[in-house]
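Please open the structure in your viewer and keep the selection tool at hand. We shall go from one stop to the next, selecting a few residues each time.

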Amino acid sequence: MDSNSKQAPGTAPAEYGNAGYGYGYPAHGYGESSAQRSLNDYLLILRERIWYVVVVFLVVFSSALVYTFSQTKIYESQASVQVLRQDARVMQSESVVDSTVRSTEDLNTLVKVLESSLIIKRVADRITGEELRQFMAPYEKGRWGDPLTPLEVLGYNRTITPLRLSLVVQVSYRHPDPVIAAKIANMFVDEFLQWNARVRIDESMRAVEDLQIRAEQQRKRVEEQANELQSYREKNDMVSLDQRKDIVTETLKQLNMLATQTQYQLKEAETRWQQVQQRQQNKGDLAELPFIAQNPIISQLTQQIAARKIEIAQMRERYRDRHPVMIQANNNLAQSERELERALASAASTIKAEYESALRNDQEARKQLDEASKDTLALDRLAVQYQAKEREFKINEEILAQLIARMREVNMQATMENSGARKVDPAVPSAANRYVEPRIALNIGVGVVGGLGLGLAFAFFVAFIDDRVKSSFDIESVVGLSLLGIIPQIKKMEQPDKAQIVVNNADRQVAEAFLTLHSSLRLRDDSKDAKVILTTSTIPGEGKSFTTTNLALTYAAHGDRVCVVDCDLRKPNIHKSFRRENLKGVIDVCSGAATLDDVVMKEVHPNLDVIPTGGRAKNPTQILNNKSFEIMISDLRKRYDRVFIDTPPLAAVSDALVVLPLVDGSIFTIFFNKVRRKAAQAAARRLLESNVTCYGAVLNGLNLAVSGYYYAQYYDKSYKDYYVVASPEEEAQMKDNKGEKTAA
């Protein structure tokens, strides 16, 4: 099988070209923010952090179990009371306390009374002795260490629930002892009924006492007035004038009634006439006065005018104002209005006439009354005072009779008052297996749901705060580079062995990854003919030198003449990778101290030459900007098929940006789960802004333990049979064959 056709797990098929490396993600240039995480990404996040979910779930679920099965069993008993809409009417009389339930507010008021501290205190007063000890036994320790009082326990464990669309109120009580729970529930109902009845009786008795006091006062007043009448009659010798007084009184009463009637009629007529005059002065509408509007003619004309206005409004939609029909309609309206004005004027005249007639009638009645009064003046002087005293006496006597009758009614009602409610169902003790707490199913359900919810939330929170590059989504959508290849993590070995891993077969899986990376670069249109390739990274330690040396060795193994140039003048590393000394190199060529032939390390490996830095430079950017460096790169293009340049990280220094214009393209190295997204994104932006082709990113150091979370389609245990490890004899034979090919 040809090495160019080899494809290791963890890299994209070569024919995909620039389509990207992550499964389900297209290649993106920098700055495109339209990419969104798919459901698969979130599932991968959960797969990686599944143990967070499991641990949190187990903690929450076990806590729910411990809490559930460590709780004391609580039993609940329920009693119900019906609120009567109104009391039974034994007597047709008004009650002192209005207990009729007319609205929801009335019912809620009674419910609030049942919930009040007054009822709680009355129930607490009933619990004494041994019953109190049993009742408080489960609550010896309070919530915060202080002992609870019976009032607190009763108020916390009692529930009042009005049943919907009814006048029934349910009283529930919870207690570890079902018998005590039933007793307390019944106590609440009994105390409410007793309190309600007691309130009504007390109010009635207070009303009886008040009526007794007022009746006694009224009785004394009546007796005093009776004595005054008797003394007045004796003093004025009016005993023999009773018959005459009756006749005179009857005549005077009739004249007085007539005068009163005419006076009332005069006031009524005067009031109407004043209203008419006020309307006329204010130019108001007389038809608005009720006594005028009731006139049949005016009412008919008003309705007729309103109908004609409506008719004109409807006709205006069809005819214009000068249309004969409209003119006739307006004339009819005007005629009706004139008739209304005449009718109103006539009504006003009638009101005035009624006022004048009433005035004359009143004057005549008063004249007759005055004439009759003159005839009986002597008798009336005495009789008037007597009648006034007598009338007052009779009124007070009637008031006394009413007070006594009302007092008897209230006194009888007080003995028959009920509570306005009645117990419907008494509370009974619950069965041993009928406890309401702990709610095992609910608590377990909450534990399951809460555990899963908190576990998922914690997993996503950890994923949110973890902003290091690790997935193909991070590289392609966040960093903005296509994924060229994936290099698995290497087991512990020395740096030179890592740098030459593709030729020493220390890790066949890594070697296959570089073979696939080599195939991808050869098949890409923008990189297959590239001669000078630059490698860099975001921060130190991401394996850029490791990628450079192994990729160069891969190209050399496929017959290309390759040269590796170490341009990391600040921290050179290539010479260490090949176990060579860093005596002469790029610095010497650029300074003119040596020629290119003097610094090239020939045949470090077959078809591979190396140019070290020649030491460390104090002014690396000046050296790389030197014309001699540009000439050196140009000369290397002529001598070699491929030139790989290792440069410092972009986030640290700008040396790589100085070299970029002299190369055909660049490779960006990212170490798995090490560099932060924003740092890698910023470095990639600087790389792309140089207008030099960036072939993509190489993900280095992929941890195979978690590779299945992000790259399950590339690294799988089933691929291990395809990684062939050569025996020592086969490796020696391969080296001999390579040597013969080179010599040829």
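The tour below begins with a sheet and then moves on to aromatic rings.

Before you start, note that this is a predicted model, in which local features need pLDDT of at least 70 and side-chain atom pairs count only at pLDDT 80 or more, while totals for chains, interfaces and linings use all residues. Residues are numbered from 1 along each chain as its sequence is written, and side-chain values use heavy atoms, with hydrogens and water left out.

**The sheet**

Select residues 75-83, which are strand β1, and then β4, and you will see two strands that pair in the antiparallel sense over 4 bridges; helices (H or I, at least four residues) and strands (E, at least two) are DSSP runs, numbered from the N terminus, and two strands pair if DSSP finds at least two bridges between them. Within this pairing, glutamine 82 has arginine 422 of β4 as its bridge partner. Now widen the view to the open sheet of 4 strands, whose order is β2-β3-β1-β4 and whose pairing is antiparallel. At its edges lie β2 (158-162) and β4 (421-425), each of which pairs on one side only. From one strand to the next, the twist averages 25 degrees.

Next, select residues 178-235, helix α7, which lies across β1, β2, β3 (168-175) and β4 and runs at about 20 degrees to β1; axes are lines fitted to C-alpha atoms, for helices over the stretch in contact (heavy atoms within 4.5 Å), and angles run from 0 to 180 degrees between N-to-C directions.

**The aromatic rings**

How many aromatic pairs does a search of the whole structure find? The search finds 6, where rings of Phe, Tyr and Trp (its six-membered ring) pair if their centres lie within 6.5 Å, and planes under 30 degrees apart count as stacked, over 60 as edge-to-face and the rest as tilted. Select phenylalanine 514 and phenylalanine 546, an edge-to-face pair at 5.4 Å centre to centre with 70 degrees between the planes. This pair links helix α17 (residues 508-523) with helix α18 (residues 544-557), its two members being 32 residues apart. Both phenylalanine 514 and phenylalanine 546 are buried (buried means under 20% relative accessible area, exposed over 50%, partly exposed in between, with a 1.4 Å probe and protein chains only).

For a last stop, select Phe135, Tyr173 and Phe188, which form one aromatic cluster.
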